[in-house]
Amino acid sequence: MVTVESANKPQPQTPSPTATTAERVVLTGYMGAGKSTVGRALARELGWEFCDLDHLIETTHAATIAELFTQHGEPGFRQLETRALAAALGRHNAVIALGGGALESLTNRLLLEQKPNTLTVFLDAPFEILFDRCVLQPDAAIRPVLKDPDTAAARFKARRPQYQRAAHIIVDTEPLTPAETVARLIEELRTR
Ligand SMILES: Nc1ncnc2c1ncn2[C@@H]1O[C@H](COP(=O)(O)OP(=O)(O)O)[C@@H](O)[C@H]1O
Ligand SMILES: O=C(O)C1=C[C@@H](OP(=O)(O)O)[C@@H](O)[C@H](O)C1
Ligand SMILES: [Mg+2]
């Protein structure tokens, strides 16, 4: 029997492809890991909002990442990144793609770690693969940190333990396409 009360209740929305209790998924990993590409596709699949931290910084300050590095230096850029992260973590039903350097900051690591209902995913791959992906990326934004390959390799080595420590889920993306990584994450989200 359909009571008036239940008939007036809001109808359920399109079923989510996952029953996850997480309110947001945060993608981390080095440049070229696919945070932006996979994040956008995952958000679309979940019917969630997509927030790319670099894009948020660029629109907030009306300048490209490269311009912000030139204007403020890397330390200045990192401050803007921390503010953007704090704002982004306030979103619900959102996939958030971090920049590759976001977890260098202890403040950022604590912001992320202390945010409840947040599933952090580390998209991993060897440095050489990541570097090639960035070089081959059509119309890629300039990544100032990638200018010198030796320094970039050293930063990869230094950052990797931070990505690992922050992660609830680690995906080795080397053998996967971005679509396969999305499928893997949807599968993981079913059980969390
Ligand atoms: N297996 C893969 N996983 C993720 N990205 C891949 C893969 N293979 C190639 N790519 C390409 O590498 C680039 C990753 O760039 P992007 O998503 O901007 O990474 P990030 O935001 O992590 O720096 C994209 O051009 C993407 O199409
Ligand atoms: O690793 C880094 O220090 C950076 C990564 C970039 O984002 P992606 O990882 O999305 O390329 C961007 O935030 C900026 O160029 C600095
Ligand atoms: Mg990106």
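## A residue to start from

With 17 C-beta neighbours inside 10 Å, R78 counts as partly exposed (a residue is buried if 20 or more other C-beta atoms lie within 10 Å of its own, exposed if 12 or fewer, and partly exposed in between, with C-beta atoms placed from the backbone). R78 sits in helix α4, residues 65-88. The unreviewed UniProt entry annotates R78 as "binding site", along with D54, G100 and R159; UniProt positions are given here in the numbering of this model, feature names are shortened, and annotations may be inferred rather than shown by experiment.

A word on the model itself: it is predicted, so local features need pLDDT of at least 70 and side-chain atom pairs count only at pLDDT 80 or more, while totals for chains, interfaces and linings use all residues. Residues are numbered from 1 along each chain as its sequence is written, and chains are lettered from A and ligands numbered from 1 in the order in which they are written.

## Overall architecture

Let's step back to the whole protein. The secondary structure comes to eight helices and five strands, where helices (H or I, at least four residues) and strands (E, at least two) are DSSP runs numbered from the N terminus. In order from the N terminus, the elements read α-β-α-β-α-α-β-α-β-α-α-β-α. The radius of gyration is 18 Å, close to the 16 Å that the globule rule gives for 192 residues, so the protein is as compact as a globular protein of that length (the radius is taken over C-alpha atoms, and the rule is 2.2 Å times the number of residues to the power 0.38).

Along the principal axes, the C-alpha atoms fill a box of roughly 70 × 35 × 30 Å. Buried residues account for 30% of the 192 residues. Among contacts between residues at least 6 apart in sequence, 78% join residues at least 24 apart; two residues are in contact if their C-beta atoms, placed from the backbone, lie within 7 Å.

## The nonpolar core

The largest nonpolar core has 39 residues; such a core is a set of buried Ala, Val, Leu, Ile, Met, Phe, Trp, Tyr and Cys residues joined through C-beta atoms within 7 Å. L27, L42, L53, V95, I96 and V121 have the most contacts inside this core. At least two core residues come from each of β1 (24-28), α2, α3 (53-61), α4, β3 (94-97), β4 (118-124) and α8. Helix α4 gives the most, with six residues.

L27 shows how these parts meet. Not counting residues up to four places away in sequence, L27 touches K35, V38, G39, V95, A97, L98, V121 and L123.

## Around ligand 1

Ligand 1 has 18 residues around it, with G34, K35, S36, T37 and R133 coming nearest; a residue is near a molecule or strand if its C-beta atom, placed from the backbone, lies within 6 Å of it. Helices α2 (35-46) and α8 (178-190) are the elements that give two or more residues to this shell, and α2 gives the most, with four. The shell divides into six nonpolar, ten polar and two charged residues (Ala, Val, Leu, Ile, Met, Phe, Trp, Tyr, Cys and Pro count as nonpolar, Asp, Glu, Lys and Arg as charged, and the others, Gly among them, as polar).

UniProt's unreviewed entry places a "binding site" feature at G32, A33, G34, K35, S36, T37 and R143. G34 lies in the loop between β1 and α2 and counts as buried, with 23 C-beta neighbours inside 10 Å. Leaving aside residues up to four places away in sequence, G34 touches L123, T173, P178 and T181. S36 is buried, with 23 other C-beta atoms within 10 Å, and beyond its neighbours within four places in sequence it is in contact with D52 and A97.

## Around ligand 2

The residues surrounding ligand 2 are M31, K35, S36, D54, I65, G99, G100, G101, R143, P144 and V145. They divide into four nonpolar, four polar and three charged.

R143 lies in the loop between α6 (127-136) and α7. With 19 C-beta neighbours inside 10 Å, R143 counts as partly exposed. Apart from its neighbours within four places in sequence, R143 is in contact with M31 and C134.

## Back to the annotated arginines

R159, listed by UniProt with R78, belongs to helix α7, residues 149-166. R159 counts as partly exposed, with 19 C-beta neighbours inside 10 Å. Setting aside its neighbours within four places in sequence, R159 is in contact with Y30, L103 and E104.
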